[in-house]
Amino acid sequence: YPEDTLRKNQTNILLNQFHDIIPGSSIKEVYDESWKEYEKILGRAKELTEQMKKEITASIIGDKGDVVVFNPNSTSCASVVHLGTQELNITVLEADGKRFPVQQTEEGSIVMVDQVPGHGYRVLKPVTEAIEECVPFTVTEQQVETSFFHIEINEKGQFTSIFDKNANRELLQEGKAGNVLMTYEDRPHNYDAWDINNYYTEKAWEVEQTSEICVTENGPVRGCIRVTHPYGASKIVQYLYFYPDQYRFDIKNEIDWHEDHILLRDYFPVDIHTNEAVFDIQYGNVKRPTHYNTSWDFAKFEVCAHKWIDVSEDDYGISVLNDCKYGYSVHDSVIGLTMLKSSTYPNPQADRGHHTFSYSFCPHSGDFRKGETVAKAYMFNNPCSAAVKQKKMEGSFISQKSLVSVDVPNVVIETVKKAEDSEALIVRCYECFNRRSQVTMKLNAEILHACVVNPLEDQVLEELKVSEGTVSFTMKPYEIRTLRFDVTK
């Protein structure tokens, strides 16, 4: 267990998450230093991850050439898995009687895998036969046809129609377009890098100029439309990703930004009737109004969210996932995402340079709970990864395995780590549906002793009874629990 390296990474991350650094309100020299620190942190983390994947893959029973897909999240859902930058001579992977096509892209080989056990792995075997049955899938510069959507796109790269076949309804408001990029003059009264004032919308420009719309991918895993917008001294490139049999579509943004006092936002006016939206926060979520009926409602013209937001009616809604952009507005069912802000004080170069970030749109029946939004958001932020077995390993083949799991969808296993003061295993989980639940947690190890401890791990709060590798306990709504397991090595 690489405790020293992990500890050093954690300490440096916390330093660079200090409240005068993380919001973008420090001087330029701070970010020059922070950039270098993060490069070291991410470099060490990548080395550790690749080494661990290599060692685990080598120990798994299977043949040379098998692809082992790892899921670092608590729960499982469909995920695009990148098989590496090198081109693999694989067209189809198989697991448990189901076949998954492999597509070659500019980023390397990719495959869409439906289920990989949480905090575990699944072994996929390469096969030579091609998949005969294909899901109807059409991607052109003007329209997209998938199992779930009929989408129409105009000359600006905006969505003029998103028809949900599953729900038999139009997702956009009548006469309005989605993926509308807007820029605003952003000159706060007092604090240039800290504030967004409520009058920012008074001076606005739509990003209308488009230099290119072209299809760059059209395969069995996904299709892609690239849209390029020149803007001032900057360039905005969007990659619109669509999937033949996935109830979602993604937008990846590659932006070279060189503007001063310009706020960039993206808008989706959805035809969903609701007076409140749900916003993800750490270890839970919170509801906020979508109207300006009172002064304190109006003050929420820009609010924060971590991995997702959701707007829903009684039986239908849409969740928006993001991988690093946390400023939102939801007013009159128009979803707005803040993409970039370009202040000049105290850092005259704030937000200048190249940015890469993505968001995903996931319609669903019911609310965010039924739509599995929490699981999808974790997967979007921390996708499955893969490694190829280099040597054959004899033994009784097991196609998939999970280190630790729970039997209810509303409890998320957020952390699995070594204890601070011993060789015990720490598992921290939380409840995310506002639902009281009886939970059974299973550990793929022989448990000698189990208990609930406080977050500092220095006080036992409750002893747990162990039965055949499992423990049971109650989770209150939005409760956080830390469990300690003594296990055999």
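In helix α1, the residues Asn 9, Asn 12 and Asn 16 are buried. Around the helix axis these residues cover an arc of only 70 degrees, which puts them on the same side of α1. The model described here is a predicted one. On the other side of α1, Asp 4, Leu 14 and Leu 15 are exposed, whereas the buried residues of the helix pack against α2, which comprises residues 28–59.

The length of α1 can be checked against its residue count: the helix has 14 residues, 3–16, and at 1.5 Å a residue it should span 20 Å, which agrees with the 20 Å that separates its end C-alpha atoms.

Strand β3, residues 92–95, runs antiparallel to strand β4, residues 98–105, and four bridges join them. Within this pairing Val 92 stands opposite Pro 101 in β4. The two strands form a hairpin with two residues between them, and in the turn Asp 96 has a positive phi of about 55 degrees.

Strand β4 is also joined by four bridges to strand β5, residues 108–113, again in the antiparallel sense, and here the bridge partner of Val 102 is Val 111 in β5. A hairpin through two residues links β4 to β5, and Glu 107 has its place in the loop between these strands.

## The open sheet of five strands

Five strands make up an open sheet with the order β7-β8-β9-β10-β11, and their pairing is antiparallel. The edge strands of this sheet are β7, residues 138–139, and β11, residues 169–170, each of which pairs on one side only. Strand β8, residues 143–145, pairs with strand β9, residues 149–153, over three bridges in the antiparallel sense, and Gln 143 stands opposite Glu 152 in β9.

On to the next pair, β9 and strand β10, residues 159–164, are antiparallel and pair over five bridges, with His 150 opposite Phe 163 in β10. These strands form a hairpin with five residues between them, and Gly 157 in the turn has a positive phi of about 80 degrees. Strands β10 and β11 then pair over two bridges, also in the antiparallel sense. Phe 163, which stands opposite His 150, also stands opposite Glu 170 in β11. The hairpin formed by β10 and β11 has four residues between the strands, and Asn 168 in its turn has a positive phi of about 55 degrees.

## Cavities

How many cavities of 30 Å³ or more does the count give? The count comes to two cavities, and the largest cavity has a volume of about 80 Å³. Its lining consists of 14 residues, of which Pro 289, Thr 290, Lys 300, Ser 329 and Val 330 lie nearest the centre of the cavity. The elements that give two or more residues to this lining are β19 (276–281), β20 (284–289) and β24 (327–331). Among the contributions to the lining of the largest cavity, the largest share comes from β24, which provides three residues.

How values were computed. Residues numbered from 1 in each chain as written. Predicted model: local features only at pLDDT ≥ 70, side-chain atom pairs only at ≥ 80, totals over all residues. Heavy atoms only, no water. Expected span 1.5 Å × (residues − 1). Buried < 20%, exposed > 50% of the residue type's maximum accessible area, 1.4 Å probe, protein only. Arc of directions from axis to C-beta. Contact = heavy atoms within 4.5 Å. Pairing = 2+ DSSP bridges. 1 Å grid on protein atoms, 1.4 Å probe; cavity = no way out; pocket = protein on both sides within 12 Å on 5 of 7 lines; lining within 4 Å. Points joined across faces, edges and corners; volume = space filled by probe spheres on them.
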